[in-house]
Amino acid sequence: MRASLSALGIAIGVAAIVAVLGLSASSQAGLLAEIDRLGTNLLTVTNGQTLFGKTAELPTTAPAMIARIAPVTQVESTGTISANAYRSPYIPAIHTNALSVQAASLGLPAAAGTMFIDPHAHMISRTTDDYEAMARAGVVAVIEPSFWLGQPRTNLGSYVDYLSTILGFEKFRAGQFGIRHYCCIGLNPKEANNTALAEAVLEVLPHFAVKESVVALGELGYDEQTPEEDKYLRLQIDLAKEVDLPIMIHTPHRDKHRGTLRTMDVLAEHKFEPGRCVIDHNTEETVREVLDRGYFAGFSIYPHTKMGNERMTEIVRQYGPERIITDSACDWGVSDPLAVPKTAALMAERGISAAAIRQVTYDNALAVYGLSGSMKEADWLDPAPIDQRTLFQGNSVLRGGQAPRIEAPRRSMSDLRIS
Ligand SMILES: [Zn+2]
């Protein structure tokens, strides 16, 4: 076994994996030590040849079998299917050899190391299925900004409980599915119009601003652009400066262009550094001025709306990836928690470079919200293992009889691939 492995160099065929399953414990340890010396934690297993020199077919049970090998933490598979891709309908089928179609399991991007941050996601409105789908698609971290619940909060108590929930239970819930969870805290513009409530919320905000997973004040800004909204926007900009946190700005849906310019004017008046601020919910109408003034420009990709991922792709093509951030804004309305990975896939299909895609779906969000000091790559590269036996104040995400997911800690990431 040892001899054949060396002969194969770094190629590990199906025979080797089948052999692993039949090996004694000491031989397995020897093989693993050998793989460790290669310095990778990502192995690609491909089919080899049969004893008669024909191409071997991996059994469909192979991924499940490999997953049972003790140090393996995740297995994803690809497979050939009979579909064909044609360069044009006029080319005969025999000429399609250059294009092949493969099926892949859903978790492939995450297992291959593709990572996304969704820096605007109202996870309190979403289900556990959404968390699972996001993790499978490669979302490693989400930022949950404080927002409007669809009907007004009538007193300070409900505000305090909401902030405590997103900072506490929601963070726990995300962690149960392997996603790191951060928050922006603030009084949203709609509720700034209830002066009694706004005054009371402003009193407690400094207390929440120092909590460990807070990465910014937000979403702040204008809704109807009333004097009350203006007053509490200004007070919160000053608070952000005082507690040394970035700001996430919500730009109004009505009269967006004027509202966006006015918000940037107010930020400038208060001498808030543009490089520490994300102006979110941009469109083609606002992006140029936002970028020109040095701000990060966020785009919330909603399905069936103007700002879908087709137009997002064109914006990145036109303006480049610098300081552009994509998010799903997924909330209680019609929205898609997979908007960021889906947009990345479309951009790749349309020829945007992998480096640019990574900037707009990962790097830029990390750069600006990382300024808080509360969000860093190590949080998800070296994560605590998922252990669904864990409770939050006695509560579990599981219901009677469901088997808890328990994962061994991941080893450090490496992109080295063996095939
Ligand atoms: Zn929002």
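Author: Happy to; here is a walk around helix α11.

This is a predicted model, in which local features need pLDDT of at least 70 and side-chain atom pairs count only at pLDDT 80 or more, while totals for chains, interfaces and linings use all residues. Residues are numbered from 1 along each chain as its sequence is written.

Helices here are DSSP runs of H or I with at least four residues, strands are runs of E with at least two, and both are numbered from the N terminus. The chain has 16 helices and 10 strands. Our helix, α11, covers residues 256–269, and its 14 residues reach 20 Å from first C-alpha to last, close to the 20 Å expected (1.5 Å times one less than the number of residues).

Now for its two sides. A residue is buried if 20 or more other C-beta atoms, placed from the backbone, lie within 10 Å of its own, exposed if 12 or fewer, and partly exposed in between. In α11, G259, T260, T263, M264 and L267 are buried. Looking down the axis of α11, these buried residues fall within an arc of 130° (taken from the directions from the axis to the C-beta atoms), so they line one face of the helix. The face turned away from that buried side carries R258, D265, A268 and E269, which are exposed.

What do the buried residues of α11 pack against? Their partners are β6 (214–221), α10 (227–243), β7 (247–250), β8 (277–280) and α12 (287–292), where contact means C-beta atoms, placed from the backbone, within 7 Å.

Finally, α11 is followed by K271, which has a positive phi, near 55°.

Definitions and conventions. Contact = placed C-beta atoms within 7 Å.
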